[in-house]
Amino acid sequence: MQASRIIAVVTLCLLGTGSLTHAGAQQREAAASKRILTLESAKTIVAAAQEEARKNGWPGAIAVVDDGGWLIVAERMDNAATTVGPSIAVEKARTAALFKRPSADLENAINNGRPAAITAPGLVMMEGGLPIVIDGQVVGAIGVSADTKVHDSQIARAGLAVLKP
């Protein structure tokens, strides 16, 4: 699926003012574009991730958040390994979106001699959260909580695969 079909582009109009010391200064309008993740896109990503989990017998919870870490969609599959999975999946996704890197990077930092990483406020230091990047912009993230961190990451990558052309 084309990345252009997965996201929407929002144009923001920013009003600026000219110098207030000059008579007749006029307001200028500047436009900036920001890619956003739509609900439809988030559902498509979750569906692809669920298919990977189902195919391998790893039921769990999958969440997609926007670039600010706010939940778009979360689902817990039947027979998920834990009942806390949906909360963990959301937090893994939130961490990846706000950190703009895989949540595993924080886990690896802690495990490889940087225990101070655990003090990062409000972030979950567990593998399974991946940022969703379109045209160099982080537009959101996916988080998975199934049974193992390796499976969580594989499921998340399968969700992101729908973004490939």
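The model is predicted, with local features requiring pLDDT of at least 70 and side-chain atom pairs counting only at pLDDT 80 or more, while totals for chains, interfaces and linings use all residues. Residues are numbered from 1 along each chain as its sequence is written, and side-chain values use heavy atoms, without hydrogens and water.

The chain contains 5 helices and 6 strands, where helices (H or I, at least four residues) and strands (E, at least two) are DSSP runs numbered from the N terminus. Read from the N terminus, the order of elements is α-β-β-α-β-β-α-α-β-β-α. Of the 165 residues, 39% are buried, that is, under 20% relative accessible area with a 1.4 Å probe, counting protein chains only.

Four strands form an open sheet in the order 4-3-6-5, with antiparallel pairing; two strands pair if DSSP finds at least two bridges between them. Strand 4 (71-76) and strand 5 (129-134) are the edge strands, each pairing on one side only. From one strand to the next, the twist averages 15°. Strand 3 (residues 61-66) and strand 6 (residues 137-145) run antiparallel and are joined by 6 bridges; Ile62 has Val144 in strand 6 as its bridge partner.

Helix 5 (residues 149-160) packs on this sheet, touching strand 3, strand 5 and strand 6, with contact meaning heavy atoms within 4.5 Å. The direction of helix 5 makes about 140° with that of strand 6. Such angles run from 0 to 180 degrees between N-to-C directions, and axes are lines fitted to C-alpha atoms, for helices over the stretch in contact. Helix 2 (residues 39-56) lies across strand 3, strand 4, strand 5 and strand 6, at about 25° to strand 4.

Definitions and conventions
Buried < 20%, exposed > 50% of the residue type's maximum accessible area, 1.4 Å probe, protein only.
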